[in-house]
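Colleague: Could you take me slowly through one part of this model, and then show me what sits around its partner molecule?

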Protein chains: 2
Amino acid sequence: MALFLDTFINKIDKKGRVSVPAPYRLSLSGLSFQGIIALPSFKNKAIICAGIDWMEKLSQQVGRVDLFSDAHDDLTATLFADAKQLGFDGEGRIILPESLLSHAHIQESAAFVGRGQIFEIWQPEALEKYKIFARKQALEKNRTLSVISDK
Amino acid sequence: MALFLDTFINKIDKKGRVSVPAPYRLSLSGLSFQGIIALPSFKNKAIICAGIDWMEKLSQQVGRVDLFSDAHDDLTATLFADAKQLGFDGEGRIILPESLLSHAHIQESAAFVGRGQIFEIWQPEALEKYKIFARKQALEKNRTLSVISDK
DNA sequence: CATAATATCCCATGATATCCCAAATATATA
DNA sequence: TATATATTTGGGATATCATGGGATATTATG
């Protein structure tokens with residue numbers, strides 16, 4: 001399974017293209033689709049991204065939920081309806097659609113932030129503010145330590 | 001599982017390269033990624049380091065937490081977002097990024113400190129001060145006995 | 001069907017990291 | 001003490017990566 005780490009800030013050019021960081025591309029190599037899956041985060045002004053394998057796994061999990069249940073409706077509407085499949089060009093760039101750009105308030109540059117099995121794209125300054133907040137939360141609720149000390 | 005012992009002080013050259021101690025490299029050999037994972041310590045002005053296997057294990061543990069929970073967000077932002085993947089060159093050196101160097105106030109040389117399953121990188125003088133403090137704390141709070149008798 | 005808008009392909013460039021070889025230093029061996 | 005071996009350190013050559021832009025192909029639209 002892929003492991004996305006670190007934070008990279010890349011420019012968006014006049015054509016709307018932005019390089020996916022090379023280490024991320026390496027994690028995504030060998031998949032059936034050469035590119036990423038991108039969908040709006042409903043918790044933050046950010047774009048959730050992953051490889052096609054992650055989406056397929058998610059799809060299987062959702063498949064176990066009853067087709068005509070409200071849960072199925074909510075999940076599929078949230079996860080699949082707004083998900084975009086963005087292919088790499090020869091240089092490993094993608095084009096972020098207008099809907100995702102405006103959702104994350106991204107204009108001239110984009111911050112790619114690793115979250116383990118997935119990664120996210122943020123407006124750089126918004127990400128910095130969020131990181132400070134998240135670290136505070138993790139410390140206050142003692143989250144980091146319990147996971148690390150856990151064998 | 002890797003075991004990192006002892007302390008080594010190595011120079012940082014003009015290109016920002018520094019040798020990872022040979023015994024540490026031996027502990028890390030055979031892993032899928034030839035290099036180290038490095039992230040800022042939020043407790044000390046130091047850099048926490050480990051092999052990719054340690055990070056993968058962490059990722060799996062975090063993967064069990066609900067993907068869209070606050071706990072997942074806080075943890076991944078703290079653990080993965082600032083973690084760097086630093087590969088060895090042919091001579092077993094890494095390049096420490098500016099962000100980590102400034103976090104640990106490191107300039108011309110770096111101290112590698114074994115901490116068991118992980119190791120840390122410190123500014124050498126800061127490490128000496130910390131060691132004295134840590135030894136005092138251990139004695140005062142009688143930590144050695146309680147931790148060892150545990151389990 | 002024609003035309004415009006948009007995306008894709010291809011190549012160029014500067015900055016940076018990586019590779020490769022060699023010298024210097026430290027550690028072990030005879 | 002002298003020699004051999006491993007490790008750290010140094011520096012030039014090479015490759016990779018992010019970025020930019022022209023040319024071509026694809027798609028949408030009137």
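Modeller: Let's start with a word you'll need: a residue is buried at under 20% relative accessible area, exposed at over 50%, and partly exposed in between (1.4 Å probe, protein chains only). This is a predicted model, where local features need pLDDT of at least 70 and side-chain atom pairs need 80 or more, while totals for chains, interfaces and linings use all residues. Residues count from 1 along each chain, chains are lettered from A and ligands numbered from 1 as written, and side-chain values use heavy atoms, without hydrogens or water.

Now look at helix α5 of chain A, residues 124-140 (helices are DSSP runs of H or I, at least four residues, numbered from the N terminus). Its buried residues are Pro124(A), Leu127(A), Tyr130(A), Lys131(A), Ala134(A), Gln137(A) and Ala138(A). They sit on the same side of α5(A), because they cover an arc of only 135° around the axis (taken from the directions from the axis to the C-beta atoms). Turn to the other side and you'll find Glu125(A), Lys129(A), Ile132(A) and Glu140(A) exposed. After α5(A) comes Asn142(A), with a positive phi near 60°.

Check the bases, then: a polar side-chain atom of Lys15(A) is 3.3 Å from a base oxygen. A side-chain N or O atom of Glu91(A) lies 3.0 Å from a base nitrogen, and one of Glu91(B) lies 2.8 Å from a base nitrogen (a polar contact is a pair of N or O atoms within 3.5 Å).

Key: Polar contact = N/O pair within 3.5 Å; in protein donor to acceptor, adjacent residues only side chain to side chain. Helix = DSSP H or I, 4+ residues; strand = E, 2+ residues; numbered from the N terminus. Expected span 1.5 Å × (residues − 1).
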